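Visitor: I would like to learn how to read a protein model. Where do we begin?
Guide: Let us look at it together, one feature at a time.

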Amino acid sequence: MKLSSANINVMVKACRKASKTLIRDFGEIENLQVSVKGPGDFVTASDKKVEKILIEELQKARPDYSFLTE
């Protein structure tokens with residue numbers, strides 16, 4: 001399947017939006033408090049936020065696409 005330039009632009013835009021969340025979250029890692037689950041809980045929460053952003057952004061552009069996530 002050949003990707004058109006428009007599709008690539010949509011994907012890049014979604015990735016850039018999601019990257020802002022990762023940069024913010026991991027920029028605050030030094031302020032992370034010790035918890036029972038530890039840093040794994042922090043990473044999972046950040047992963048879920050990014051996944052949600054990516055799916056929402058891609059669905060806006062291509063509502064006919066399906067997504068398979070973890």
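Visitor: Does Lys 49 count as buried, partly exposed or exposed?
Guide: First, keep in mind that this is a predicted model. The general idea is a scale: buried means under 20% relative accessible area, exposed means over 50%, and partly exposed is in between. Lys 49 has 35% relative accessibility, so it counts as partly exposed.

Visitor: Which residue does Lys 49 form a salt bridge with?
Guide: The general idea is a side-chain nitrogen of Lys or Arg within 4 Å of a carboxyl oxygen of Asp or Glu. Here the partner of Lys 49 is Asp 25, and their closest N and O atoms are 3.0 Å apart. Lys 49 lies in helix 2 (residues 39–61) and Asp 25 lies in helix 1, so the pair ties together parts that are 24 residues apart in sequence.

Visitor: Is Asp 25 buried or exposed?
Guide: Buried. Its relative accessibility is 6%. Asp 25 also forms a salt bridge with Arg 24, with 3.4 Å between the closest N and O atoms. Arg 24 itself is partly exposed, at 44% relative accessibility.

Visitor: How many salt bridges does a search of the whole structure find?
Guide: The search finds 6. Some belong to a network, which links Lys 17, Glu 57 and Lys 60.

Visitor: What do the side chains of Lys 52 and Glu 56 do?
Guide: They meet in a salt bridge, 3.7 Å from N to O. Now check the spacing. Both residues lie in helix 2, 4 residues apart, which is about one turn of the helix.

Visitor: Which residues make the nonpolar surface patch?
Guide: The general idea is to join nonpolar side chains within 5 Å, taking residues with over 30% relative accessible area and no salt bridge. In this model, Leu 22, Phe 26 and Val 43 make a patch of about 230 Å².

Conventions
Residues numbered from 1 in each chain as written. Predicted model: local features only at pLDDT ≥ 70, side-chain atom pairs only at ≥ 80, totals over all residues. Heavy atoms only, no water. Patch = residues over 30% accessible without salt bridge, like charges linked within 9 Å, V, L, I, M, F, W, Y side chains within 5 Å. Areas by Shrake-Rupley, 256 points an atom, 1.4 Å probe, with all protein chains shown as cover. Buried < 20%, exposed > 50% of the residue type's maximum accessible area, 1.4 Å probe, protein only. Helix = DSSP H or I, 4+ residues; strand = E, 2+ residues; numbered from the N terminus.
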